[in-house]
Every structure is written in C-alpha cells, then in structure tokens.
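Subject: A structure for you

Hello,

Here is the structure I promised to pass on. Please open it first, then read my notes below.

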Amino acid sequence: MAAPGENLRIDGDRLWDSLMEMAKIGPGVAGGNNRQTLTDADAEGRALFQRWCEDAGLSMGVDSMGNMFATREGTDPDALPVYVGSHLDTQPTGGKYDGVLGVLGGLEIIRTMNDLGIRTKHPIVVTNWTNEEGTRFAPAMLASGVFAGVHDEQWAYDRVDAEGKRFGDELERIGWRGSEKVGARKMHAFFELHIEQGPILEAEEKDVGVVTHGQGLSWTQVTITGKDAHTGSTPMPMRKNAALGMARVLELVEEIALSHAPHAVGAAGHIDVYPNSRNVIPGKAVFTVDFRSPELAVIKDMEARLRAGAEKICADMGLEVAFEKVGGFDPVEFDPDCVQAVRDAAERLGYSHREIVSGAGHDACWINQVAPAAMVMCPCVDGLSHNEAEEITRDWARAGADVLMHAVLETAEIVE
C-alpha cells in the first residue's frame, strides 16, 4: 500500500486551539481541568466533541457504556474501520492534555483529510472511551475493558463513587447511555496518541515515542496487625508496632523494585494507619503495593518476594500480616505491524524518536486484546501528569499528531 507523502501534515494551530477550547470545560483551580467521568462537565465536553465531529461530516454512534464513535466512511463498504482515539475525562486535578490530545488529535486527522480531499479504503473512527481515568468509578479503563470483554457490563454499571452513586445511573443522568451493544464493533486496527506521563522523551530530546509495550501492573493490599498501646508507657521491647512493620516492608518494596532496574518500579501509594492517634502505637497498617514491569515473570517474582519478605519481617516483630490481590493486568505487547507503522511514520516525517514502554495503563492496552493496536507518545514537561501543571508544547502536539495521522492513513489505505 502507498505511504502518505512526507509533506502531509496536520494543522498544528487548529489542534492547539481545539485543546484550549476543550480545556475551558470543567476548569480546575490551578490552570488544569476537573472533568471527571459522568459529571455535568463530562457531558458538556462530550457535546462539544460531538458538534465538532458533525461539523467535520462524521456520523456519531454511542454504545451502552457511553463510548463515542465518530465515523468517516471509507470507499470499501466491507472494509473494517481503523479506530483512533483516547478519552476526554480527567483526574480531579488533571491536566489539559492527558487523554484529550488523543481524541482531538484523531479529530484533527479527519479535518486535515477533509481539507485535502483524502479518501481511504477503510473507514476511520474517532473514539472517546468512557471513564479511562477510574478516579470516580474504579477501575481505570472501565469502558474499554467492557468493550474488550475484560469486565462484565452489569458489574461496570454497579460501580459506585465516593458518594454511593452508581455508574449506570450517572451515565443515564447525563444522557450518554447509547443503544449500541458494547463490544459489537470490529476493528481493523486501533491507534492511540497520548502524552508520555514520564520524563524520558523530554530528557532525551525526542519528538516522539514509539510505544512497543505497556507495563503490567500488580496491586497487593497488605494488612499488618499488631497491638494498639500507649506511646508513653509501653516499653520499647514490648511493643507490636504495625507502622514500624509497614516501614520495613516498604524498604523491602524499594529493594525488590531496584533489583529489576531499570524497567520495574514499585511503591505504596495508598496507606492507612490505625487508630492514627498521636499518642497511640499503631495497631494496624493497611497499604497497597504497586509493582509494574513490562515482563510478567518479573511481576510474579516481585509479588512472591514481597509476600515471603513481609512474612519474615512481621514474624520477627511478632506481627500478623495478610495479603489481598486487589488489582492488576498482564504486560501488553502491541501489534508489531501497527508499531512499525508508527515507527515508519516518524522516520518518514523526520521526527526524532525512540522505542518506549508505557508506564501507565491506557485504553489501547485493553483494545489490544481484541484488535491490532499501537500507541504514539509525545513528551510532557518534567514528565508531570495527573497534575494541573501538566504541560506540553505546540510543537510536541503537532509532531505526535503528524505521526498518528501517517500511521492511521497508511493502515486505512489512501485511495489515489
């Protein structure tokens, strides 16, 4: 199939203007966004995206999980579509680009095709996946997970937020529960553009990341039980300090992750200590250990060493310990042909690039189970994300969207 010409580029200013316009919806308190899934702000952002899609001549479909699919027809009615997209929902203190760049970058591809009269054999579908962030309704990547058959739809509807509101009820309330059966669509391929959310591309002054793998993830909730006691009157040798046990286990977590450097990581981000009183030795500590690696064998090793090491630490201290696997997914290897299309696009366009492993989960990770998929990444300042100070440059956005367009058009087959 013919590759797109190297002079074919998106309108970077138009893409940037769209990003800034979407950022006006659900503003945060420090320059970013709070457009959490299934809120009124999410509904408003969806409506703006739909209007832009219809202005570009696309037809909109919505499935029963609220996933949005804007279609530009191809010349072959029997050809499966090439999908492109990401998500419009944000963290409570989210940035203007996480997810949004991938959705509006997909829309910009269509606008550029319209400008230049480009037709493709395969239809192209721009997608907004519901609840990628998982910050209001856990887990993350919820709707793409239902689409891929990883989660049951009714189970997803029954997820509740901190106020006890059901996902299914909130989807109905904002008016974005569609009639289309979730997962019924078949894909020729799926491409997702995303900011790196890490510091590697900027540090190495690379324009584009060619994503070959997604890290696997393991969440283990650890509960250490000792004995509540007075901090002033309990002799040191007679204490059963659950928080001290936790501290030693966290040292172990650091040691385990570093032993698999540079690609493995580990930490505890969610920690509760009981009774959490100034003058009471903690009798219980509950924390979740987050291990990640692109290799399943490494994840299994880290899990096993955590359990064995924590059991020994706690036994030596007279503490009890229990473990519960509360989340995770296996590492992802993206489709070699789709990855090659991204790599070829970067080289054709003259953008500096490197292969990269995604350290975060993305919708493409689930879609990769049901269709060939790959990702394009652009740098972000200081690797900062899930923060209102998240920032990228206009040139980084343009380069990522240029590479995305070339990969999509090559896969969708331009009709001369």
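Start with two helices: the crossing of α1 and α3 is right-handed. (A crossing is right-handed if the near helix is turned clockwise from the far one by less than a right angle, and left-handed if anticlockwise. Helices are DSSP runs of H or I with at least four residues, strands are runs of E with at least two, and both are numbered from the N terminus.)

Some ground rules. This is a predicted model, where local features need pLDDT of at least 70 and side-chain atom pairs count only at pLDDT 80 or more, while totals for chains, interfaces and linings use all residues. Residues are numbered from 1 along each chain as its sequence is written, and side-chain values use heavy atoms, with hydrogens and water left out.

**Helix pairs**

Two packed helices are described by the angle between their axes and the distance between the axes. Axes are lines fitted to C-alpha atoms, for helices over the stretch in contact, and angles run from 0 to 180 degrees between N-to-C directions.

Helix α1 spans residues 12-22 and helix α3 spans residues 100-116. Their axes come within 10 Å and cross at roughly 140°. That makes α1 oblique to α3.

Helix α2 covers residues 40-55. The axes of α1 and α2 come within 11 Å and cross at roughly 150°, so α1 is roughly antiparallel to α2. Here Ser18, Glu21 and Met22 in α1 meet Gly45, Leu48, Phe49 and Trp52 in α2.

α3 also packs with α12, at about 65° and with axes 9 Å apart. That crossing is right-handed. The residues that meet include Gly105 and Ile109 in α3 and Leu404 and Val408 in α12.

**Cores**

The largest nonpolar core has 100 residues. (Such a core is a set of buried Ala, Val, Leu, Ile, Met, Phe, Trp, Tyr and Cys residues joined through side-chain atoms within 4.5 Å; buried means under 20% relative accessible area, with a 1.4 Å probe and protein chains only.) Leu104, Phe191 and Ile392 touch the most other members. Helix α12, residues 394-412, gives the most to this core: 11 residues. A second, separate core of 22 residues includes Val249 and Phe287.

Best wishes

Terms used:
Buried means under 20% relative accessible area, exposed over 50%, partly exposed in between (1.4 Å probe, protein chains only). Angles under 35 degrees count as roughly parallel, over 145 as roughly antiparallel, 65 to 115 as roughly perpendicular and the rest as oblique. Contact means heavy atoms within 4.5 Å.
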